[in-house]
Amino acid sequence: MIAKGEAMGQDFEPFYDVNLSYDDNYARGPFGAFAEALAGAADASGAADVAGSAAVGAAATTEFLGHRVNLPFGIPAGPLLNECFTTAAFRKGFDLATYKTVRSRAWGCNPFPNVLAVHPKSADGSLTPGSAELDEGVLADTRYEMPISISNSFGVPSRDPDEWQPDMRKAIAAAGPGQLLIPSFQGSREPGMTTEAYIADHVATARLVKETGAGLMVMNTSCPNEGHNRLLCHDPLLVGRITEAVKGEIGDLPLAVKMAYLPPVEVEGGWGEHRRIVDDSALELMVRETAARDSVQAFSAINTISARLVDAQGNQALPGAGRDRSGVCGRAIRHAGLDMVRRLAVIREKLGLDYTIIGLGGVVSPEDYRSYRAAGADAVMSATGAMWDADLALKIKTAR
């Protein structure tokens, strides 16, 4: 496999090495420019990036869920595996760094490989939710090309709290002026577990996160922890029960919810702000059951779009049972991410609420950042784009 490529005419190396297992990345990463920043190499950014980020943000910091940040841009849950990764992100000018989702117990990763390059058929490389291609098969291989789209097939692994709690404390302390560490967590459903026990596990995990001194947290509802290809965010009533219980535990700490794409019931036309939505009841129900009840202060959307991934011969691309489908992230989901942000903004105005919208999906350039802000996002994040362009935050700040 080759994960390197060309961006802006220069060679680049992802800070997560797709040629290594998750455990090897956890122990040896980050790589590329993130590794150089972590080592303090000023010519590759390092301390120079921290100073530059502070200088850019000093003139106009932004309020984000009760905290002042230089720029409301960063990296969501996923590629920042531990404190080494989050600290490197801060040094590269990403002012919001999300610590990869943790659980109340150790949880294994899906077998290697976890990341493949994904190549949708459309001219612009987009995947449309509900399209036949998602079930018929999307080509996945090791040809990593910009603008990048990849598989996200990890299964939400987690270290034991005895390991991640002290590491998370270090990650929080490593944030520079105008920077913020955001812990991500989720509950863990075991076979035979009751709904009450599942809710209690979310609460227990949130308590463990709170003990690290976190100033806020995000709850992952966008991964298939409810069964094959069924996401927690597809059940707004259960999400409402969980967030109410979690909020009772964490008190005044802001709580965000990470979601996958929730489609309108009926639409006419294509993508974009001029598209007519006939019924957006599913997304509105999520808002009414959480933000309207004050158990959630922010929504983060979107995570991935599920697709059947195949190789050039049409066979299952990722090895192992239950891995015929994978979440796809990167440029392929940009339209869907922008669509969710626009709809969340419409519902926010309709209901007279003031929740924060965190937009993500396919952000690979300063133009993408501006598009998300124009769509109604209060903050923007990039996972895949940041992995393949460690200078993305500084490019956005320079363009601003």
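1. Helix 9 (residues 281-289) holds both Glu 284 and Arg 288, which lie four residues apart, about one turn of the helix; helices here are DSSP runs of H or I with at least four residues, strands are runs of E with at least two, and both are numbered from the N terminus. The side chains of Glu 284 and Arg 288 meet in a salt bridge, at 2.9 Å from N to O, where a salt bridge is a side-chain nitrogen of Lys or Arg within 4 Å of a carboxyl oxygen of Asp or Glu. Glu 284 is buried, with a relative accessible area of 12%, whereas Arg 288 is partly exposed, with 39% (buried means under 20% relative accessible area, exposed over 50%, and partly exposed in between, with a 1.4 Å probe and protein chains only).

2. A word on the source: this is a predicted model, in which local features need pLDDT of at least 70 and side-chain atom pairs count only at pLDDT 80 or more, while totals for chains, interfaces and linings use all residues. Residues are numbered from 1 along each chain as its sequence is written, and side-chain values use heavy atoms, with hydrogens and water left out.

3. Helix 7 (residues 195-210) packs with helix 8 (residues 236-250) at an angle of about 40°, and their axes are 9 Å apart; the axes are lines fitted to C-alpha atoms over the stretch in contact, and angles run from 0 to 180 degrees between N-to-C directions. The residues in contact (heavy atoms within 4.5 Å) include Tyr 198, Ile 199 and Val 203 of helix 7, and Leu 238, Ile 242 and Val 246 of helix 8.

4. Glu 196 and Arg 241 also belong to this contact, and they form a salt bridge whose closest N and O atoms are 3.8 Å apart. Because Arg 241 lies in helix 8 and Glu 196 in helix 7, the pair ties together parts that are 45 residues apart in sequence. Arg 241 is partly exposed, with a relative accessible area of 43%, and Glu 196 is exposed, with 51%.

5. The side chains of Asp 368 and Arg 331 meet in a further salt bridge, at 2.5 Å from N to O. This pair links distant parts of the chain, 37 residues apart, with Asp 368 in helix 11 (residues 366-375) and Arg 331 in the loop between strand 17 (325-330) and helix 10 (334-351). Both Asp 368 and Arg 331 are buried.
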